[in-house]
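Hello,

Here is the structure I promised to pass on to you.

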Amino acid sequence: MAATAKDTAFKAESRNLSPQEIARDLIGTAIITLLLLIPIVFYRTVMNQGTLLLQTRLPLVLGLTAAVVVGRLLLHLFVWQRAPEAGRASTASATRTDWRETVGKWIGPAMLVAAIFLPWIVQFIPGWERRGLGIAIYIMSYIMLAWGLNIVVGLAGLLDLGYVAFYAVGAYTYALLTTVYMPLWFGEGIVPWTFYIVLPLAGLLAALWGVILGFPVLRLRGDYLAIVTLAFGEIIRLVLINWFWFTKGPQGINVPKATFFGLPFADEPGSFSDFFGIPYNRLHFFFFLYYVILGLALLTYAMTNRLRRLPIGRAWEALREDEIACRALGINTTSTKLTAFAIGAMFGGFSGSFFAARQGFVSPESFVYIESALILAIVVLGGLGSQLGIVFAAILIMGSFELFRELGFLQAILPEGVEPIQFRMLCVGLGMVLMMRFRPRGLVTRRDPTVYLKEKKAVSADLVSQGHG
Amino acid sequence: MSDILLRGTGVETFYGKIQALKGIDFEVRNGEIATLIGSNGAGKSTLMMTIFGSPRARSGKIEFDGHDITQLPTHDIARRGIAQSPEGRRIFPRMTVLENLQMGATVNKMAFFDEDVGQVYKLFPILEKRSMQRAGTLSGGEQQMLAIGRALMARPRLLLLDEPSLGLAPIIVKAIFEAIRELNASRGLSVFLVEQNAFHALRLAHRAYVMVNGRITMTGTGKELLAKPEVRAAYLEGGH
């Protein structure tokens, strides 16, 4: 602790630059900015009657450079130019911890209550009745996926880049069983009920695939494991594309949407609204979907939390820390890894099945690598192993994606042909870079111990910064 | 039940083509402290790991309590009643001290958890103060105590200790060896201790082996070896 306090004090001191030093820094900034901007911004290719012309944009480059230099100057003058305050760090961190303790205790229940009433809250925002619900369902399904992946990556420490494969298995299980096999085996009458029958089956099947992936990669760790899981994800997708008679390949499969225990959501006799004697409203289906995915997500949350306190969950965490020590303590690392893969995959299967029932259509398009990367990004940004952090990260990443759709008004100031939505991945990347700089362990680094002796006390990573990264 | 708890005969271990153990014979009797001393790279830790089945011996035989354990997987060996405080401690840094101890109790399914935690805290009182702290934040000596405590949680019949004094201050080393002696004297726990710190280890040991280049070169009681001029010259120079 003493060393880090000294460190920050030293940094603060060194920021107290003289005007000459600031000038030198600004010149350096300008040079670097120009060097970066010349290849990226300076030249522009224009198609002109079949020929490619090169256009230069000097004013833009100079303008951007000026903006960067002025921005840095402002930072020098108002942000970085501070006298070092001795002892500030230690007292601040002490009070901050107290503040965090109280917030930490209430934030989970508060968010749960908010999540339960969210569909009604959005009804009061004009123009967002349907869209707000849609986004909530969308974000919630990513929260669930990330919670599932968190078991594999966050708890067991097995870097899985092919998680979307299990999502695909779940979705195709629902699609194929609902459209082809269940009617074939049990008659058409079963179709309205298939969601409830197939959901557990999809989970089981995905878990089976988790084990199938798990076996060959038992001896791999870290980057090697990441490559194999990445390949696995791609293999599943390519099989879905090419196994035409079974999966209909890239055409995809239209599937019936989920029903309310056999009652379809439609404006017809025998439907949900008809049965309960209420006027038909398209929103009913969205309310239903929201509560289904909320229930599934909470199931994932509760099960993970429970498992963490059981021997198997503790074994996962120990496995993440040190595999050799685990074996020496009598833990069967083979079965530990396989259960982590299987249970993580199972939740992926659940949400895949939900995805198909929500979308009414599945195709291999939906299960590309970028989905795995996004889910992993949510887990990492949230803080490996932190379930609360994942909620924040999912809202941040998926919410910002949706936000970019709302930024149409920015069109006015952007050059023609550039839509704000194209910047969304750029912003996620920027967010990740900022995270690495300011919160390298993710948004929430708090980890609740699974066993207490006398008094309850959380262990904050900020208090104990020297541990293993 | 035989008097011999652990016996190795002609144990040979290879890393690829390199032979690390060249036919080792050793034994640990019930209720005694056996020690294995030797310099860096002699193969001491390899022998520890070979007893635990990782890597497995290519030839020879290791018996624990009369049963052949040479080909068993590591976790099965642990479940038979051998616990290990591995080289470099290998505690779980992001888990709390108490959670680390919990992991040690895996083999007996936490049946005696509260009682055993009490025992470990009695042996190493500092761990009780640290019990809710992340293990990675402990000092080296505390981590070593935790590694030994974690091994004890399994209620082992044989405790393997791989260089418990590594990188620790002399006063901590003394405390650790005192704890080992105490465990052996009061509970009759059999200990197989691998050490570079020959002076401390030999003073403690009922039976001692000296290993050079993958071979056992000398055997005797701790006191006998301590008195031998060649041992003194090779391992006790500079005085500990």
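In helix α4 of chain B, residues 113-123, the buried residues are B:D116, B:V117 and B:V120. A residue counts as buried if 20 or more other C-beta atoms lie within 10 Å of its own, as exposed if 12 or fewer do, and as partly exposed in between, with C-beta atoms placed from the backbone. Helices (H or I, at least four residues) and strands (E, at least two) are DSSP runs, numbered from the N terminus. Looking down the axis of α4(B), you will find its buried residues within an arc of 105 degrees, so they line one face of the helix; the arc is taken from the directions from the helix axis to the C-beta atoms. B:D114, B:E115, B:G118 and B:K122 are exposed on the other side of α4(B). The cover over the buried residues of α4(B) includes α3 (97-104), α5 (125-129) and α6 (140-152) of chain B.

Before you go further, please note that this is a predicted model: local features need pLDDT of at least 70 and side-chain atom pairs count only at pLDDT 80 or more, while totals for chains, interfaces and linings use all residues. Residues are numbered from 1 along each chain as its sequence is written, and chains are lettered from A and ligands numbered from 1 in the order in which they are written.

Now to chain A. It has 17 helices and four strands, and 33% of its 469 residues count as buried. An automatic or database domain assignment divides chain A into domain 1 (2-87) and domain 2 (112-405). The C-alpha centres of these two domains lie 43 Å apart.

The largest nonpolar core has 171 residues, and A:I143, A:A146, A:I293, A:I378 and A:A394 touch the most other members. Such a core is a set of buried Ala, Val, Leu, Ile, Met, Phe, Trp, Tyr and Cys residues joined through C-beta atoms within 7 Å. Helix α5 of chain A (residues 129-155) gives the most to this core, with 16 residues. Apart from neighbours within four places in sequence, A:I378 is in contact with A:Y142, A:A146, A:I390, A:A393, A:A394 and A:I397; contact means that the C-beta atoms, placed from the backbone, lie within 7 Å.

Finally, where the chains meet, 25 residues from chain A and 28 residues from chain B take part in the contact. On the side of chain A that touches chain B, α12(A) gives the most, with five residues.

Enjoy exploring!

Conventions. Contact = placed C-beta atoms within 7 Å.
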